[in-house]
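Visitor: Please take a close look at one part of this model, the pocket and the helices beside it.
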Amino acid sequence: SPLPSQAIPDHGGLVTLAELRERAAAARSGHEPEASAVRDLLGWAATAVEDRPKPKEPLKIGGTTGSFVDDTATAYGLALAWGVSDDPRYAEAARDDVRAWVQTTKTLEDACPDGGECQTSLIVSRVAPGFVFAMDLTSTAPGADPADDAAFRAWLTAVILPAASRRSNNWGDAGAFLRVAATDYLGDDAGLEDALGFWHEQLDRIEPSGEIPEETRRGSSGLSYTQEALLYRLAVARIAERRDVDLWDARGAGGGTLKAAVDLAARYQADPSGWPFGGRVDNPTVGPGWELAYAHWPEPAIAALIRDLRPFGADGHSAIRWTTLTNGIPIQP
């Protein structure tokens with residue numbers, strides 16, 4: 001879908017600085033879920049602010065962990081902490097993390113966007129938006145240097161974005177998440193439109209039942225991979241919403257919708273018995289993406305998944321963390 005001609009200036013990621021300040025005010029009034037989420041974040045940040053970044057050159061990620069994963073999460077979390085506390089130490093530390101990687105890392109290895117053997121592409125796609133969100137949230141912080149923003153934009157364009165996965169499974173969903181977050185931040189409307197077009201291609205692969213065949217074919221891990229794919233698709237829908245692009249109600253060429261996929265996953269995460277796609281299925285830990293789903297569709301089936309796990313905080317393996325703070329709404333009775 002073409003982008004509206006007027007972009008929203010305060011585009012943000014999963015949350016804008018203005019929204020974060022409003023949520024912090026709600027927390028100070030004891031409102032939930034904001035109060036618990038802010039308390040959890042600031043408890044984490046008090047220690048994390050002392051961490052120091054560990055950039056690599058070249059960057060090659062063989063597994064699912066490492067300093068790039070850690071530092072992107074730390075930068076984003078500290079930027080959120082700056083937003084809710086107005087403590088400049090957090091903004092300074094967040095930007096220091098990003099600056100260290102921009103100045104050090106010039107080369108990615110094992111980063112082919114179309115290949116399944118290139119783990120660096122997958123992990124960069126999952127977590128690099130954390131740096132994007134951090135720089136966006138702290139752009140007006142005391143001492144923020146516009147030169148750092150310019151250097152980050154150039155690095156994001158030349159080093160990070162070319163690695164974004166374009167595969168047809170959850171790797172590509174993560175890649176779309178990176179491309180949407182980055183091009184939106186960069187003000188690259190053509191790049192954003194291309195990334196949203198790829199999101200629609202992925203939507204075309206959802207069955208009317210909500211099944212994502214690329215993920216359900218994974219045997220006993222089919223539900224885990226389905227939740228993984230939805231994590232990034234939901235995040236993109238939230239970011240696109242800021243541009244007046246409605247992905248929540250979009251329908252794919254085969255009749256599938258994001259809502260159908262969410263409903264199917266919610267049903268079997270509540271009770272994996274009867275999983276219809278190849279026998280027994282493992283039930284994954286409920287992840288932070290469900291807060292995004294509930295914020296848009298406040299339905300009992302989704303509420304039941306998140307009620308006892310709030311607040312979602314630093315735990316995770318992508319940039320989509322602290323979602324109770326950024327997007328959580330009260331659980332409906």
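Guide: On a 1 Å grid over the protein atoms alone, a pocket is an open set of points where a 1.4 Å probe fits, with protein on both sides within 12 Å along at least five of seven lines, and lining residues have an atom within 4 Å of a point. The model is predicted, so local features need pLDDT of at least 70 and side-chain atom pairs pLDDT 80 or more, while totals for chains, interfaces and linings use all residues. Residues are numbered from 1 along each chain as its sequence is written, and side-chain values use heavy atoms, without hydrogens and water.

The largest pocket is lined by 31 residues, with Gln227, Glu228, Thr285, Gly287 and His317 nearest its centre. Its volume, the space filled by probe spheres set on the points, is about 580 Å³. Helix 11 gives the largest share of this lining, seven residues. Helices here are DSSP runs (H or I, at least four residues) numbered from the N terminus.

Helix 11 (residues 222-241) also packs against helix 12 (residues 258-270), at an angle of about 140° and with the axes 10 Å apart. Axes are lines fitted to C-alpha atoms over the stretch in contact, and angles run from 0 to 180 degrees between N-to-C directions.

Technical notes
Helix = DSSP H or I, 4+ residues; strand = E, 2+ residues; numbered from the N terminus.
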